[in-house]
Amino acid sequence: MKSRIKYDVMTKDELNHMKSRMEELLIKRGIHLDHDEMLTELSELGCIVDMETKQLKFTKELIDKAVASVPKEFTLYSPSGKRDLKFPHPEGKFYVRTNTGAPNYMTVDGETHFTKISEVNEWYHIANQMENVDYFTLPSTSGEEVPGDAVDVYTLERALNLAEKHIWLQPYEGENVKYLIDMAAASVGGLDKLRERPIVSFIACSVSCLNYKRMDAEILYRCAKAGLPVQPCSLPTAGANTPVTAQGTAFMAASEVFAMIVMLQLLSPGLPVIATTLLFSMDMMTTYTLQSNTEITMARLICMQLFEQGYNIRAHSYGTGTDSLAIDEQNMIERTSLIHSMAMSDASVLGGAGQLETAKTISPIQLIIDNEIFGIAQRLRAGLEINDDYLGWNEIMDGVDTNPGFIMSDHTMKHFEESHRPDMFNRGGLSKWEENGSKTLQESAVEKYHKLIKNPATYSLDPEKSAAVKEVLKKAHKALVKEQ
Amino acid sequence: MSILNEISELVIEGNIEGTKAKVELAVEQGIGAVSILDEGLMPGINEIGERFAKFEIFVPNVLMSAKAMNISVEVIQPLLTASGAKPIGTAVIGTVKGDLHDIGKNLVALMMKSSGLEVIDLGSDIGADKYIEAIEKYEPDVIGLSALLTTTMNEQGRIIKAIEEKGLRDKIKIMVGGAPVTQAWADKIGADAFTADAADAARWAKNYVVNK
Ligand code: B12
C-alpha cells in the first residue's frame, strides 16, 4: 500500500524560494569548516576555500553535481539481517528510530537518573521487541558508569552485542570516531563487509549558524572515506542561535544539513545520506529549550517537504517527544499531535521513540507506548484507497445489510482483519475493564514491560565477532581514556 | 512625572535611544550621577527583574531594558567614577573543557550583565588553567561553570579541585549550571551554588556581591 495523504505546508513558489535562498546562502556566505584535510580536498574539488579563516563557499555547479549524485535508493542494514531498511520505503511508510543522546533513564518504577550500562542492555532487549521501531541509537551512558571520554565506544560495544536492528551512531569526541568505525567493522568481519552492508550510520551535527566543528567534520570525512552512510543533523534552537521564527529556523537547519550533504557527495559520490533536521526552540520567557513548540512542528514539515520534494533526498526529523518531564497528559498531547502531523509529511524517517524531557530522558515504558503510537501513525500514513471493493458496493446493492447483515458477509470476511488494533488500548466495556484491574494505559505498558523483559533475547552477536569487538574496545580504552 | 521617573519608564520600555537622551538631559540639568543611577535607572531595571520573575515579560524585553540601562550608565560613568561608584561586582564565566554548548552560558552572562555585574566571558571549551588565569587577572567575586553533557560535567569538579589546589578557592564563589546539573551534583563537587536558569543565576550572583 502506498502512502496517500500528504500535507504540503509550502506552496510550489515557497518551496522554490527556499531552495534558491538556501543555495544562495551556501554560495555567497558559505560555511566555516574546522578540518584542514577536508578543506584542502574540497578546494581541489572546486570549492572556494580560505585556509586561514577556514571559510568555504560552494558554486552552483558543485551543488547541482552533488545533488545529482545523492543515491535515490539505498539500504541501511541490520546486524540480524531481519530488519534491513530499504529507502525509499517500499510501502510508502516511514522508518522509526529511538531517541538519541538522552543522558537520563526513567526506570519502570518511574525513577529518573543518569543512564547505567545495565539499562543500556535492558533498552536494547525491549527495543528489539518493538515491531514498530525500525532502528536504534545509542543511549547516553553516564560517565560515572563507563569512562567519560569513551561513553560512545562503551555503549556501542553493548549495541553491537545486543541490537538486532540498524544502529545510528552519535560520537562524543573526534578521536573516538575511528574506534567506532573499527568496532562496527569488527562486528561484521571487516571494513569491506561494513561498507557493503552498513549496519551503522553516523550523526554529524552543525553548530548554528553554518559552523562545523572539528569532531563533526571528522565524522563527515571519515564516513566519506569509509563509505558509511551519514544522517547529517542540525539542532538549532530558534530564538537563541537561529531566527526566532519557525521559518527562519527551518531555513537555517535545512541549509546546514544541505551543506553537509553537498560536501559528502563531493568527497564520496553516491554515499547514502538522510537529511536530518532536529529543530528546537527556546521559550522566550523561561529560556528552556523546547521540542514541542507548535510552530516548530510546522518548521519540521517545511524541512521534510524541502528535501523530499525539492531535492528527492530522504528526510528525517522528530516524530515523537515531549517537553513534559512525566508520562502525563501534556506528554501524550505533544507526542500525538506531533506524530499526526509528521506522519502526513514526506518524511522517510521519524525519530525520538521513548523520549521525554526535551530529549533528555528515555523510558522503556514510553518506548512501549510509542510503539503503539507509531503503529497508528503508520496506518494513517497509508491512507484509504477508494474503489468499489473498499466501498462494499456489491453487498450494499445486494442489500446484505438486511440479510444476513455485515457481520458474516463475504466483504467483512475479506477485510475484517485490516483495521489497526493497538495492543494495549482499552477496547472493552466498563465491567471488563474493572474485572481486569481498571488499568490505565501506563499500567498496561508496565505490565507489558514485565512480560517483554522475561522473553529470551531475540539476538546476540556471534561470540567470535563479539570477542573482536571487545578487542577494539580495549584498544579504544587505551587510546582515549585519559585517567586510567 | 519627574525626569528620573521618566528614565525609569524608558528603561522599562526598553527604549535604548530614549533612555540615553533622557539621561543626557538629566546630566545637563545638573542632576547628580548617583541620583540618576539610583533613582532613575535602577528602579527601572529592578521593576523589569520583578516582572520577569513573575513571567510577565520575555527575555528579549529584559535584554533591551538592560541595554538601555548599560548605554546610559556609560554616559554617566565618568561622573560616577569621579564620585567613587563602581560596578557591583565581577563574574567570570565559561563553558567547561570538552563542551561547546554555549547558548545557556551566553544567557547567564547576559543576565548577569543586565543585573549590573561586570562579566568576563571566557567562551567555551575552557579548562582549569584558563579559569585560574582569569581569577588571578580579574579577581572576580563569582565564577560560573556551564556544562551540558553528562560527560563534561565531571570537568566542573576537576576545575573546582584545581582552583582549590592553587589556593584560590576562598577568594571566589563558584556557580555551576547546565542541563544535566543538579543541586545534588553541585553539592557533590563542592560548588557554592547551582541555579536552574539564567535569571536565577543573575539573582544569586547579584545577591551575593551586594551582601558580601
Ligand atoms: C542546541 C544543542 C546542541 C548544539 C549547541 C549549539 C550551541 N551553540 O550551544 C549542537 C548541535 C552544537 C550540540 C552538539 C552536541 N550535543 Co547537544 N544539545 C543541544 C540542545 C538541543 C539544547 C541545548 C541548549 O542550548 N539549551 C538552551 C539553553 C538556554 O539551556 P541550557 O544550556 O540548559 O542553559 C540554561 C540552564 O541550564 C542554566 N545554565 C546554563 N549554564 C549555566 C551556568 C551557570 C553557572 C549557571 C548558574 C546556570 C547555567 O541557565 C541557562 C538559561 O536559562 C540539548 C537538548 C536539551 N534539551 O537541552 C542537546 C544535548 C545537551 N546535546 C547532547 C549531545 C549528545 C550533543 C553532542 C555530543 C552530539 C553530537 N554528536 O554532535 C554534541 C556535543 C558537542 C560538544 N562537545 O559540546 C545531549 C546530551 C547528552 C549527554 N550525555 O549529556 C542533549 C541532551 C541532546 C540529545 N538528546 O542528544 N548540541
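In chain B, the C-alpha centres of domain 1 and domain 2 lie 27 Å apart. Domain 1 covers 3–82 and domain 2 covers 89–211, with bounds from an automatic or database domain assignment. Domain 1 of chain B brings 11 residues to the contact and domain 2 of chain B brings 8, contact being heavy atoms within 4.5 Å.

This is a predicted model, in which local features need pLDDT of at least 70 and side-chain atom pairs pLDDT 80 or more, while totals for chains, interfaces and linings use all residues. Residues are numbered from 1 along each chain as written, chains are lettered from A and ligands numbered from 1 in the order written, and side-chain values use heavy atoms, without hydrogens and water.

Now the interface. About 610 Å² is buried between domain 1 and domain 2 of chain B, 68% of it from carbon and sulfur atoms; that is accessible area (1.4 Å probe) lost by the two parts on being put together, summed over both. On the domain 1 side, Phe52(B), Leu63(B) and Asn70(B) lose the most area, together 47% of what that side buries.

Lastly, Thr90(B). Thr90(B) lies in strand β1 of chain B, residues 90–96, strands being DSSP runs of E, at least two residues, numbered from the N terminus. Thr90(B) counts as buried because its relative accessibility is 14%, and the cut-off for buried is under 20% (1.4 Å probe, protein chains only). Beyond neighbours within four places in sequence, its contacts include Leu117(B), Ile120(B) and Val142(B).

Conventions. Helices (H or I, at least four residues) and strands (E, at least two) are DSSP runs, numbered from the N terminus. Buried means under 20% relative accessible area, exposed over 50%, partly exposed in between (1.4 Å probe, protein chains only).
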